[in-house]
Structures are given as structure tokens and as C-alpha cells.
Amino acid sequence: MKRMAEYAAGSGRKRVAQNILRLGSNVADAETITIGRDVFEIDTNSAATAGNIAVNCAGNVTPTLAGPLVVAAINTYNTQRLVAVQIATGVIVVYSVEQNQGHGAIPCAETLAGANNAWDAAAFYGGNPGVAPQTLISQRAAVAAEVTEGNAYFMFPFTVVAAFCMVRTAAGAVKTWDGITSFTGQRVKMDNAGASDWAAGDILVCLACG
């Protein structure tokens, strides 16, 4: 029915930077988690170091209990427009809110002594300030020559990094087209290499992102 062409390697799309903090065992009082200029301190006795951001873990030092408290502290008190999300017990993703601002390699550190308590990397990774994304959708009826050739083309006013294509009948019903979508430069190609093809008069729909 439809095909999604994969993102091209090294595309200019914006990507937020991130890092993953893993808590594989218990945390302890006075241990710290550093993200850029923010230092979060595990606090079990209401005596955090001046200047640090206390993470109140009194009686809650296991990964199951401490993890959500670390997430809450980061989301409430960080000064760098970051977001923390716990995706599994003891697995916390921290990422930048703003793609333009947060793509840099924000340094990360910790003094967590427990086994498997650590950041995945020494700094945020995967970010790309990129360029402003563009998205356009185009549709038209297939002509007989395209059926003969087995290919149809769409041109866009930007370099395509992702494309989604589908086929409808002239009456609007979605067809079970199973050809291949590919793109090069500003061009998207839909081919009829599958078992179910589009025919003359069918509506070809192409959504492209740049």
C-alpha cells in the first residue's frame, strides 16, 4: 500500500542531542550527577553541598525508587532547557529541548559508586543543528507513459532526505501498491517493481521532507 524511504545518511535534518544515565544499583548520599553546569546531588539526610541541586532520596536509594526522583530533579531544576525521561527502570534519557541550542556536546559526569551506575557517554551525542526542515506533498494522476516505463517522478524545490508515497484510485480508494520509493537530490521516484502496480489514471501521492 505504501513505502517510506529511509533518511539519507548525514542529512541536514535537525536532531536533538541526548545522553543516557543508567542506574544499575543503589545510589548513596553525597554522590553526584553532573550535566554541564548543573550538579545534582543524591541527598538522604537533608545536607546537600551548597550550590548543588539536591535530589531527595531519603529511604529511596534503589534504581526503582531513585530513578524517578532524579528525573523529577532534572526536569524541575536544570538550567539548560533539558528534559529527562525514564524509559525503563534505571534507564534515564536526558535530551535538549531546543534543537538549535541543545545540539552541543554537553559534558556529563557522575560520582556514582554502584555497579553499572554511569552515563552512556562523556557528553551529549547525536545532535545536529541542521537546517530548517521543509515538507511538501504533491499528487497527480499517473500517465500511460509512466505505466510503460514503470517509473514515476516528483521534483521538489529542496534536497529530499525522506519521502513517503502511496497510490489511490481516481475514486479515492487506497491501492495496495507495493513498489519502491527512492530519492536522489530533489527527485523522488516511485517504481512499479512490486506485485501490485499503479495504472494510468491512478493518483500518485508523494510527501517529501528536506
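Reader: Is Asp120 buried, partly exposed or exposed?

Author: This is a predicted model, and what can be given for Asp120 is a computed relative accessible area of 38%. Buried would require a value under 20% and exposed a value over 50%, so Asp120 with its 38% is partly exposed.

Reader: With which residue does Asp120 form a salt bridge?

Author: Side chains of opposite charge can pair when their charged atoms come close. For the salt bridge of Asp120, the closest N and O atoms are 2.7 Å apart, and the cut-off for such a pair is within 4 Å. The partner, which counts as partly exposed at 34% relative accessibility, is Arg22.

Reader: How many residues apart in sequence are the parts that this pair ties together?

Author: Asp120 lies in the loop between strand 9 (117-119) and strand 10 (135-141), while Arg22 belongs to strand 2 (residues 18-23). The pair therefore ties together parts of the chain whose separation in sequence is 98 residues.

Reader: Where do Lys175 and Asp202 lie, and how many residues apart in sequence are the parts they tie together?

Author: The side chains of Lys175 and Asp202 meet in a salt bridge (2.7 Å, N to O); Lys175 is partly exposed, with a relative accessible area of 21%, whereas Asp202 is buried at 8%. Lys175 lies in the loop between strand 12 (162-168) and strand 13, and Asp202 in the loop between strand 14 and strand 15 (203-209), so the parts that this pair ties together are apart in sequence by 27 residues.

Reader: Which residues face Thr34 as bridge partners in strand 4 and in strand 8?

Author: Strand 3 (residues 32-35) has both faces covered, with Thr32 and Thr34 buried on one side and Ile33 and Ile35 buried on the other. Strand 3 pairs in the antiparallel sense with strand 4 (residues 38-43) over four bridges, and it also pairs in the antiparallel sense with strand 8 (residues 108-110) over three bridges. The bridge partner of Thr34 in strand 4 is Val39, and in strand 8 it is Ala109.

Reader: Over which residues does pLDDT stay under 50?

Author: The mean pLDDT of the protein is 88, and 87% of its residues reach 70 or more. Where pLDDT is low, the predicted coordinates should not be read in detail. That caution concerns a stretch for which the model has 39 contacts beyond four places in sequence, and where pLDDT stays under 50, namely residues 1-12.

Note on methods
Residues are numbered from 1 along each chain as its sequence is written. This is a predicted model: local features need pLDDT of at least 70, side-chain atom pairs count only at pLDDT 80 or more; totals for chains, interfaces and linings use all residues. Side-chain values use heavy atoms; hydrogens and water are left out. Helices (H or I, at least four residues) and strands (E, at least two) are DSSP runs, numbered from the N terminus. Buried means under 20% relative accessible area, exposed over 50%, partly exposed in between (1.4 Å probe, protein chains only). pLDDT is the predictor's confidence in each residue, from 0 to 100. Contact means heavy atoms within 4.5 Å. Two strands pair if DSSP finds at least two bridges between them.
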